[in-house]
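Here is a short report on one structure. Look at the model first, then read on.

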Amino acid sequence: MRPRLLIACTAAALLASVAAPGCAPSEGCDPGQPCACSDLGGDCFLGCAGDGCSQDCHNVGGRCGTVCNNGCSSSCHDAPDCSQSCGDGCNLDCHNVMSCESICGDGCTYSCEDVPRCAVRAGAGSTIRCTSAAECDVECTGDCRVTCSDVPACNVTCLGGAGPMSCSGETFACGAC
Amino acid sequence: MLSVARRLVACAAVLAWSRGAAAQSTILHPSERPADSIELEPHLLATPFNPPGDGSGAGFGVGGRASFEVVRHGFVPSINDSVSVGVGIDFMRYQGSGVFSPGVCTRTATGPAGTGVCVEVSQRGGPSAYLFLPVTMQWNFWLTRQWSVFGEPGLSLYWFDYRALGASPVLFLGGRFHFTDRLTLTMRVGYPTFSIGVSLLF
């Protein structure tokens with residue numbers, strides 16, 4: 001009786017293992033290692049297996065994207081569209097594309113240049129720079145500093161929908177200048 | 001000189017006889033084996049196979065297995081077989097394929113001004129770490145006093161890059177070379193890993 005019970009249990013375990021999902025979510029670039037995606041006809045997205053990745057997505061025919069945790073750097077250029085998201089302490093750069101959309105956490109340094117439309121949501125202590133863009137939409141979820149150079153429409157929204165302070169001709173701030 | 005040669009021949013004969021005795025088949029003699037019920041086996045691991053989930057490439061690692069005899073006389077009454085249940089912990093480091101495949105966005109969040117920003121990516125290709133927790137049924141065949149073999153189907157949970165859990169079927173074929181009744185060299189081939197280790201039998 002006991003061996004039969006064992007066989008039945010083993011068979012059940014094997015059946016369950018076949019039915020169980022064997023997939024795991026994202027993997028991607030290694031922290032501290034340069035990681036690039038380029039020269040592709042379609043979309044390309046880079047992930048990061050931890051913090052501190054250095055990601056570069058460029059010269060693709062579709063959408064270029066990077067996703068990272070904290071302390072990352074990401075560059076995206078020469079693609080129709082760039083998407084960048086990361087946690088705290090990131091350095092994001094986006095240039096020479098049709099549109100840049102980004103979300104980053106606290107202490108973010110963001111640069112968007114030679115892009116018709118820049119859009120970023122950044123955390124407290126972030127520094128945002130938009131240069132030579134038709135439109136730059138910035139949402140700060142804490143204190144931040146925004147500089148728009150050669151940008152006809154620089155739209156800065158602070159926490160709770162409040163408007164920013166104007167610090168100088170090109171610089172705005174959520175919180176003190 | 002002749003007496004030395006005679007002594008050498010006699011020694012060789014004794015050795016050959018003792019080896020023959022040790023290699024004598026025990027497979028048709030149920031229970032003709034040490035009364036051990038617990039096996040502890042630290043081992044080294046390697047595999048040419050991609051792991052389950054998103055990892056890739058060949059892998060190396062270390063681990064251990066504990067097997068507990070649950071059926072002393074196995075599924076076939078006329079032969080010397082037994083059944084154990086094994087639990088283990090294996091740590092593996094996979095090298096990756098070296099080729100980062102273009103990742104795909106698996107989750108998008110609403111960004112500033114109604115834009116869509118990708119916040120989760122699935123991408124294969126890089127190095128990865130796995131922690132396997134296998135549970136197996138080990139069907140043993142005690143061939144001789146020096147050799148035993150086993151088949152080992154089961155299921156393994158795995159923890160992938162310290163972030164994600166998964167489950168995978170496992171299947172091993174293995175063999176032991178018995179140095180003594182209490183100590184064996186234990187080898188295993190199968191999926192997801194190959195292993196070589198030393199077993200202590202209690």
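## Reading the model

Helices (H or I, at least four residues) and strands (E, at least two) are DSSP runs, numbered from the N terminus. By that rule, chain A has 1 helix and 14 strands.

This is a predicted model: local features need pLDDT of at least 70, side-chain atom pairs count only at pLDDT 80 or more, and totals for chains, interfaces and linings use all residues. Residues are numbered from 1 along each chain as its sequence is written, while chains are lettered from A and ligands numbered from 1 in the order in which they are written.

## Confidence

pLDDT is the predictor's confidence in each residue, from 0 to 100. Chain B has a mean pLDDT of 86, and 84% of its residues reach 70 or more. Over residues 8-22 of chain B, pLDDT stays under 50. For that stretch the model has 2 contacts beyond four places in sequence. Two residues are in contact if their C-beta atoms, placed from the backbone, lie within 7 Å.

For the complex, the predictor gives an ipTM of 0.81 and a pTM of 0.56.

## Packing in chain A

Chain A has 177 residues, and 49% of them count as buried. Buried means that 20 or more other C-beta atoms, placed from the backbone, lie within 10 Å of the residue's own. Take contacts in chain A between residues at least 6 apart in sequence: 6% join residues at least 24 apart.

## Nonpolar cores

A nonpolar core is a set of buried Ala, Val, Leu, Ile, Met, Phe, Trp, Tyr and Cys residues joined through C-beta atoms within 7 Å. The largest has 53 residues. Those with the most contacts inside it include C112(A) and C136(A). Strand β9 (residues 109-122) of chain A gives the most to this core, with 7 residues. Apart from it lies another core, of 7 residues, including L45(B) and Y158(B).

Definitions and conventions. Buried ≥ 20, exposed ≤ 12 C-beta atoms within 10 Å, placed from the backbone.
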